[in-house]
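Subject: Structure for your files

Hello,

Please find below the structure I said I would pass on. My notes on the contents follow it.

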Amino acid sequence: MCGPPDFAALETCVIRLAELSAAGLGTYAVCQTAAMCRGFASGRGKRQKKTSPHPPARPVAEGPNDHLDT
Amino acid sequence: MKLTVIRPKEVAICSAIGAAGALIFLFAFPKGAISTLMHAVLHLPGPGAGIALIIGPIVIFVALLASLLTRGTGGALIASLTFAVASALVAAIFAIPTNPKGAFGSAIFIAAVALAGITAEAVMHLGKSAKGRRRCLLAGALANTVLLVFYWIAIFPRTYKPVAWHDVPLLTALALAAGLLFGYIAWVVYGFLSRTFALKEKR
């Protein structure tokens, strides 16, 4: 090894790696939350389309058995 | 092998990845930390353990991630070159002390990192199969070993001492294993980024 061991530098290294890991995990959590929110919002949009104020027209009765009201 | 021209946007992405890698490397590993970890804590032989287990894997991760995120040829080389130049510039501008053994910031350091990038690039583009997980593992292992051998031949004899022959098998095995691991990590991170940013690139 060149020179004496520098444990202070190693300690700094470990602390900084921990900080970087925390920052990475934080970013990951934010990304996942954003993706979840996007998924939730798109799901709600689909549901709103299904319950739209203009429902599809009722099928036209073709045969004698289709006159249910009589 | 199909070579496609890299677009300016892809060049910017690769450069950003390389620069970010250099900043993280300089921030996370102050002078003396790598040597202490390798030789005083892990009791690994040297020289070359720090290259095989720390610097090489960072270069490989940066190069492979850039290559995976771009369709054009040259992403890994651009990212690794930016890594080397950015680390040299940042260390010089902010007077960050570095271990003279590794020759960080010198022309030969830039050449060594570029050689690793070229190796990764070649493996990622040779043949007809897509850029898959196996290709990443192979590129990582080969590029890390090439970087280590280059350091043994061209850098360590000038800055420190030549490697002892009996240490070569262990250090080479470590370089291969670390290269495989970081090739896989680059593949996993690429998968995560693809899902997050919806990169629908059919390779």
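In chain B, helix α2 (residues 33–41) packs against helix α3 (residues 49–69) at an angle of about 125°, and their axes are 10 Å apart. (Helices are DSSP runs of H or I, at least four residues, and are numbered from the N terminus; axes are lines fitted to C-alpha atoms over the stretch in contact, with angles from 0 to 180 degrees between N-to-C directions.) The pair α2(B) and α3(B) is therefore oblique, the class left over once angles under 35 degrees count as roughly parallel, over 145 as roughly antiparallel and 65 to 115 as roughly perpendicular. Ile34(B), Ser35(B) and Met38(B) of α2(B) meet Ala49(B), Gly50(B), Leu53(B) and Ile54(B) of α3(B), where contact means C-beta atoms, placed from the backbone, within 7 Å. By class, this contact of α2(B) with α3(B) holds five nonpolar, two polar and no charged residues. (Nonpolar covers Ala, Val, Leu, Ile, Met, Phe, Trp, Tyr, Cys and Pro; charged covers Asp, Glu, Lys and Arg; the others, Gly among them, are polar.)

This is a predicted model, in which local features need pLDDT of at least 70 and side-chain atom pairs count only at pLDDT 80 or more, while totals for chains, interfaces and linings use all residues. Residues are numbered from 1 along each chain as its sequence is written, and chains are lettered from A and ligands numbered from 1 in the order in which they are written.

Next, helix α5 (residues 107–125) of chain B. The buried residues in α5(B) include Phe109(B), Val113(B), Gly117(B) and Glu121(B); buried means 20 or more other C-beta atoms within 10 Å of the residue's own, exposed 12 or fewer, and partly exposed in between. Among the elements that cover them are α3, α4 (75–93) and α6 (133–159) of chain B. The axes of α5(B) and α6(B) come within 8 Å and cross at roughly 155°, which makes the two helices roughly antiparallel. Their contact has 17 nonpolar, one polar and one charged residues. Just after α5(B), Gly127(B) has a positive phi of about 80°.

Ile185(B) is in helix α7 (residues 168–197) of chain B. With 17 C-beta neighbours inside 10 Å, Ile185(B) counts as partly exposed. Its C-alpha atom is 9.8 Å from that of Arg133(B), 52 residues away along the chain.

As for the two chains, 14 residues of chain A contact 17 residues of chain B. The chain A side of that contact has eleven nonpolar, one polar and two charged residues.

Regards
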